[in-house]
Amino acid sequence: MGLAEDVEKAVTSVVCSNWNTRNGTVVPESEDVSLSNGAVEVDAVYLYADLADSTGLARDFTRTTAAKVIRAYLDAVCRVIRARGGKIRGFDGDRVMAVFMGSTKNTDAAKCALQINHAVQKIVRPKAEANLSSITTQGFVIKHCVGVDSGKALIVRGGVRGNNDLVSIGRAPNVAAKLSDVRNGDYRTYITKDVYNTMLDSVKTSSDGRSMWEGPLTREVGGEKITVYKSSWTWSL
């Protein structure tokens, strides 16, 4: 069988078969989802954390310096996500995707986002500047953005046997990813109203009663106008 016939057979099998879908109560691992039309429907919170200006980082610095910054960022972000109960389910260069489930998923994800901001501003940036002289001399500022949205998604396995990974299809993962691309002053966290309206007051206001979020605001995301809240606050680890 030639390559064209092989591809055609595989595509036909996918588009002409029904999904074997089940409801998920926990974030699935790859082995929990059948590669042959298996799918898990979840009601979850998606968090995307994206390092800003990685193109400039790769362009203006040595590969080893750029790699140290990106690795330091990813290491810090992943540790915070795991500490807050999130499950890491994807990497795209310098961007991390995590999924939160459970009764406090919106609160956990929002707090996680604020703690990622603390980790980047108070740990990653000063450590990189102190130990990588070119970061300071060339005026590169390590910063990021986190996007968070809540909703139902369908998790499937994409790819072929031996080379595949979980893929989340739905509004929530798409919106969260788009929000992580926002670059707006000192604001490092964007959450949708679905997240804000459901999370506990403990992550809405500080200990002295000040709101840690600005909004509601309207943003256009992927051609759709949605209501979001933004924050420049950090939450200590």
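Q: Is Arg183 buried, exposed or partly exposed?
A: Quick housekeeping: this is a predicted model, where local features need pLDDT of at least 70, side-chain atom pairs count only at pLDDT 80 or more, and totals for chains, interfaces and linings use all residues. Residues are numbered from 1 along each chain as its sequence is written, and side-chain values use heavy atoms, with hydrogens and water left out. Buried means under 20% relative accessible area, exposed over 50%, and partly exposed in between (1.4 Å probe, protein chains only). Arg183 comes in at 43%, so the label is partly exposed.

Q: Which residue forms a salt bridge with Arg183?
A: The cut-off is a side-chain nitrogen of Lys or Arg within 4 Å of a carboxyl oxygen of Asp or Glu. For Arg183 the N to O distance is 3.1 Å.

Q: Which residue in β9 is the bridge partner of Tyr190?
A: Strands pair if DSSP finds at least two bridges between them. β7 (residues 189-192) holds Tyr190, which is buried and points the other way from Thr189 and Ile191. β7 and β9 (residues 224-231) are antiparallel, with 4 bridges, and the partner of Tyr190 there is Lys230.

How values were computed: Helices (H or I, at least four residues) and strands (E, at least two) are DSSP runs, numbered from the N terminus.
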